[in-house]
Amino acid sequence: MQQLSQVQSLSKKLLNEQYLGKVSSIRNQSILTLGKDMCLLRGATLYGRVLNYGCGPAIHALIPFCDLGNEFHVADSNQDHLDEIQLWLDKEPDAFDWTPYFNEANKICGRSVREVFIRQRTNRVIKSDIRSFNISDFDFTYEAVISTFYLDQEAKSITEYSEYINLLMDLLLPDGKFGFLSIERTGFGAGAIDKIFSRYPDKTITTIAGDNETIVCIKGLK
Ligand SMILES: C[S@@+](CC[C@H](N)C(=O)[O-])C[C@H]1O[C@@H](n2cnc3c(N)ncnc32)[C@H](O)[C@@H]1O
């Protein structure tokens, strides 16, 4: 029990460190903008299913899609992060308050984004570890897969990085869109991420320079 509360506090710690009062951070702004751009890519057509892989305890990546997607799935290897999301979906009193992110997304997207859509349409919270990825954990394929900042510490080599990205690509429907954010670090050398994605001809890459890090944003693959 003690161990459980310690792990849970790690999710709360992450929420407090990375998201509380941090709506203007370059990472969080990039996440909201990625969603907005992916919705523009789709034009007037609605997305069917949208997956956020490596979601952490956070729902903000889905906010721009709220009224433009029919169904939302979130996946992460950490059950406690997923439990945090469930707290928010269930409107539990100690859930994190994402209101500032909805307000910010209203401005970024230029339309009214509402919590009720995310709550009603998030119908799968999936525990999945990319290292033991099992496609049958996912019942469906997706019209959009978003993944932000989850591989930054995970991949041990550029080959592994590339394999993990391929697994997510395989979840996409033929006309599906992939949105990906990563810090352009890596012990894999400058431009490594760009190199991984270069095999996909229809990509759009944006590089965003922050104070301490450069973020690579890839969207619209396939
Ligand atoms: C830095 S957080 C990013 C959270 C969120 N996507 C964001 O951009 O704010 C990285 C997330 O990746 C998840 N993660 C790490 N290793 C993973 C793995 N092997 N499979 C699936 N998810 C993993 C972690 O549990 C964590 O929630």
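The crossing of helices H2 and H4 is right-handed; a crossing gets that word if the near helix is turned clockwise from the far one by less than a right angle, and left-handed if anticlockwise. Helices (H or I, at least four residues) and strands (E, at least two) are DSSP runs, numbered from the N terminus.

This is a predicted model: local features need pLDDT of at least 70, side-chain atom pairs count only at pLDDT 80 or more, and totals for chains, interfaces and linings use all residues. Residues are numbered from 1 along each chain as its sequence is written.

Back to the two helices. H2 covers residues 26–41 and H4 residues 99–109; they pack at about 45 degrees with axes 10 Å apart. Axes are lines fitted to C-alpha atoms, for helices over the stretch in contact, and angles run from 0 to 180 degrees between N-to-C directions. H2 is therefore oblique to H4, since angles under 35 degrees count as roughly parallel, over 145 as roughly antiparallel, 65 to 115 as roughly perpendicular and the rest as oblique.

Which residues of H2 meet H4? They are Leu32, Thr33 and Lys36, facing Glu104, Ala105, Ile108 and Cys109 in H4. Contact here is C-beta atoms, placed from the backbone, within 7 Å.

Next, the sheet. Seven strands form an open, mixed sheet in the order S3-S2-S1-S4-S5-S7-S6, where pairing takes at least two DSSP bridges between two strands. The edge strands, S3 (122–127) and S6 (204–209), each pair on one side only. From one strand to the next, the twist averages 15 degrees. S4 (residues 142–148) and S5 (residues 172–183) pair in the parallel sense over six bridges, and Ser147 stands opposite Phe180 in S5.

Terms used. Contact = placed C-beta atoms within 7 Å.
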